[in-house]
Amino acid sequence: MTKKRKRQDDFHKVKLKVGKKKHKAENATNINFKSKSIHLPEQLKCDGSGPTTHRQLSIKDLLSQLHHYNSNVKQGALVGLRELLSSNPSLVEQHASVVLTEVAALFTDKDAAVRAAAVRVLRFVAQCIPAERVAPFFPLLSAHLTCAMTHISAGIQEDALRVLDVLLEHYPALLSQRPTVLLTNFLELISQRRLGGTKGDRTGKGNYALSITTSRSVTAQQWRLTVLLRLGHFLQAVVEERPMEDGVSCAGGIGIWSGEKGVVAPVEVSWEQQVFSKGGIRVFENSGAKPTPHSTYRLRPDSEPGAGLSEGLCSAETVQGFAGTLVPLLLEMWVEAMGGDRFHADHGHLLTEESMALMFQILTILQLLRRLVPQMDQQDMLDAWFRNLYLSDFKQHFMKNFPYSQLEVVRHKKKTDMKRGRQQVVGGAVAGGNVEPLALNVMLCQVMVTLSLRGRDHVAGQDADWLGPIRAFVTDALSSGGKLSSKHLAALLEVVWRMIVTQRSRAVTEELLQAVYIQYQQKNLGLTIRTLLLHFFSQLYIQEHQKQPHIARSRILARWLASLPVQLVQLGSRNPQLSGQLLQTVQSAAAWGHKDLLLSLQTHACSLYDPHEGCVVVLPVEQQQQLVQILYFLPAFPTDVLACLSQVCNAGRVSTSLAAMLIRTVYLRSPLSGWTSSSQDVPVRDVDYLSFLFSTLTGFSSESLRVLQQADEQGLLASSALSPLSVFTTPLEQFTHHWDVVEEVCHCLETLGSRTQCFEILQNAIAKNLCGLVVVPDCVCAAVLRCVPRLLDLNFLPSDTLLHFLSDCCLSMLSLLLQLEQSARKRDAVWEACFAALSTVPRLLRLVLQSLRVCELSESELPLLAQILSLLLQHTQLRNHMAANSALLQTIIQDLTRFSGGESREQWLTDLLYCYSVTMSTHRANMATRDIY
């Protein structure tokens, strides 16, 4: 009993009662716990998955969904991808490669909505990434584009053209690097190979035939127009991105239509600056460009006839191969569009809107084909090839009803208009259908004139049946008085240029130039129109008048050249660009000795070189230099022209170097330079030339000096015993400019043959024009003091009148510098001129000392006199001259000591006595040393 009871105590059974809580077991696990949250806002922002869309999809998720089998999922992924890239532009650069790769793969997707979304994403990405970043993986884009253009589905082909539009808009250079593949794709979009085509096909139809697809939403003509529109844009990109070779122009040889790429810019080297330069000038062979081979040898093309395609359009042969396939297709399109011969001859010139658009695209492609070749000789070869093969076809299909007009069709509004509008947008008819009849006719003229024979090959009347209507149309379009756009005018001028150069007929040249001149004479022309017309006449004369006698003898061109100086005067500084073009033509025609231009230039010389409002002072520096260079070709220099030129040199509105060039130019045209061949018809008389130099030397005209004598005292240093002349102070800029001009005048005077005669002429001019003046500008005094010592001959004694004037100038200028604060350059220039005159001109220093009367000076002027004497004593070159006048100098110093009147000696007097004693002792020591030796 006891053992059993103990066992029951060990395993005691707990009785459960209803409503009571169950007791926990002794080995039960405590599952209660406490937790605390950790809040990290920055960590939540920088999630490892990166930015997401509003659907919380990252870029990896979106790119993975592009491979989904469901079209709706792929379309949603493309929409989300565009949303994500728009909100996070940095992702475009980071994931450019994978985004373009995945999007390009959808160009050939079977669903139209997916393809449209892919094109939108491509357009957005192309706007954000430059061409250099896309270049590494652009071949992949090009490969997918090729697949889409050659796809069997018509819808994919249509969307491929939209992809092509995006690439042409943003990456034309990359797309035009390998044009041959895309050109083949364009052919396959509108045609297919003939089953019976042979390599030796001579029928002119080519190996391709137009194809018709009934599954398209547009007509066959609209689809072909769409393809031709893109083909024209692609060929234009190839032409524009191709580096132009030497002698090749983009549009017929006129500079305004020439491409600016590939041009080697000239480098102007100033040899004056390189003389003392330590660095050398590096010269490279061929100016850093590739040498242009002039050999006519050409390798046989590797491509088969009919294909006409090689790795690049690098020669006329490859372009001929492609054109031999494309041109028959273009002619076939036009014949099909016109419906054969169903139109009567009376109404054949009326075209519908679609027909005009188609013909314009055909002509545009023909015009671009000849510009694909890289050299001018190859362009001529290609033009001859076109003439031999297709001239008869072009005359039959294009020139038969020239010029064309638009056929007005009354359209009634129907419910199907909206659907038709959508089809036109798809087919491209709206984009290429808005063609004006004028643009169509001008483009046809451009194409046809390239087929005319050039130079000696041209026979009068040979192509009159189709060149006559073209000439009549161009003449009427230019001379009708209507307003032309810049694009149409440029094309018309190109046609005129080509016809003038090729036909070489004086009658044709006069007729065409008369029409252009009528357009040029119209009022209120825009700047672009005026620039085109001006550049046409200018380049026609500069480039062609020496090679084409009928152009050189043109009366219309001579009349235009004679009007240029008048236009230049009227234009002035209102448009420096146009003025620069006018000056370039005037300079070239003057250099070639055009009589009408030189006569007009002579008539308006005073207006051009007016010192106040003339072109020589209002135009930029480069054009001012051109005007000065034109002076070398001026037939004559009358006195009024020389007076204007003298004032131009001294007005300060041209640079010092330009004023020096002007003076040297007049010197070269004078008989005193020694370059004149005969004494008859001398451009500048010697008397007028010397008057010009003296007027430039003084810097003021006689009228200005006369007005200056009556000026008020403001800005004048009044005359006194120490300053015999009333000096008019000029501004620092005017003084320094005139000082540099005087240096050039002195140089020209020194080059004259007889120095004595030159000095005598200068002395008489000073005595006649300057000695009687009371008020003299400081620059005039400095110029006279500088010029006289340089021209003085030791065997010639100056007159007393000149010596007294020079003495007054010296005293007045020295007093001016001591009384007024002057700049360092002006002070040094005046010191140099005064000391040079005092040390060179005989008796001048003695005359200056004799004019110093101490008794007539005021007490305030005594220190000034002492300072002047101290300066003269301290100058090394004047010590001997001062010592020679020691008696006179001693008398002046004694008078200063007596009139100083003070118990204590003034500092200025002490300094003067010190300078005097030092100068005299030095002179005696030098004399004693000379006696010993």
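I start with Arg504, which counts as partly exposed because its relative accessibility is 42%. The cut-offs are as follows: buried means under 20% relative accessible area, exposed over 50%, and partly exposed in between, with a 1.4 Å probe and protein chains only. Arg504 sits in the loop between α22 (486-503) and α23 (506-520). Helices here are DSSP runs of H or I with at least four residues, strands are runs of E with at least two, and both are numbered from the N terminus. The phi of Arg504 is near 55°, a positive value in a residue other than glycine.

Before going on, the ground rules. This is a predicted model, in which local features need pLDDT of at least 70 and side-chain atom pairs count only at pLDDT 80 or more, while totals for chains, interfaces and linings use all residues. Residues are numbered from 1 along each chain as its sequence is written, and side-chain values use heavy atoms, with hydrogens and water left out.

Back to the backbone. Asn524 also has a positive phi, near 60°, and is a residue other than glycine. Asn524 belongs to the loop between α23 and α24 (527-544), and at 77% relative accessibility it counts as exposed. There is also a cis peptide bond, between Phe402 and Pro403, with omega about -5°. Pro403 lies in the loop between α17 (376-397) and β4 (405-406). For context, most residues other than glycine have a negative phi, and most peptide bonds are trans.

Now the chain as a whole. There are 46 helices and 7 strands. The chain has 933 residues, of which 47% count as buried. Taking the contacts with a separation of 6 or more, 75% are between residues 24 or more positions apart; contact means heavy atoms within 4.5 Å.

Next, the core. In soluble globular proteins, nonpolar side chains tend to be buried together. By nonpolar core I mean a set of buried Ala, Val, Leu, Ile, Met, Phe, Trp, Tyr and Cys residues joined through side-chain atoms within 4.5 Å. The largest such core has 282 residues, and those with the most contacts inside it are Leu366, Leu369, Phe386, Phe398, Ile470 and Leu645. Helix α15 (residues 316-338) gives the most to this core, with 13 residues. Take Phe386: leaving aside neighbours within four places in sequence, Phe386 touches Ala323, Val327, Leu366, Leu369, Leu391 and Leu451.

Beyond four places in sequence, its contacts are Met443, Gln446, Val447 and Glu494.

On to helix pairs. Two packed helices are described by the angle between their axes and the distance between the axes. Axes are lines fitted to C-alpha atoms, for helices over the stretch in contact, and the angles run from 0 to 180 degrees between N-to-C directions. Angles under 35 degrees count as roughly parallel, over 145 as roughly antiparallel, 65 to 115 as roughly perpendicular, and the rest as oblique.

The axes of α33 (residues 639-651) and α34 (residues 656-669) come within 9 Å and cross at roughly 155°, so the two are roughly antiparallel. On the α33 side the contact involves Leu642, Leu645, Val648 and Cys649, and on the α34 side Ala659, Leu662, Ile663 and Val666. Leu645 is also one of the residues with the most contacts inside the largest core.

The other pair is α7 (residues 112-128) with α10 (residues 154-170), whose axes come within 10 Å and cross at roughly 5°. These two are therefore roughly parallel. Residues making the contact include Arg115, Val119 and Leu122 of α7, and Asp159, Arg162 and Val163 of α10. Ala118 in α7 is buried, at 0% relative accessible area. Leaving aside neighbours within four places in sequence, Ala118 is in contact with Leu78, Val103 and Leu106.

Last, the cysteines. How many disulfides does a search of the whole structure find? The search finds 0, where a disulfide is a pair of cysteine sulfur atoms within 2.5 Å. For Cys758, the nearest cysteine sulfur is that of Cys787, 7.3 Å away. Cys758 is buried, with a relative accessible area of 6%, and Cys615 counts as buried at 2%.
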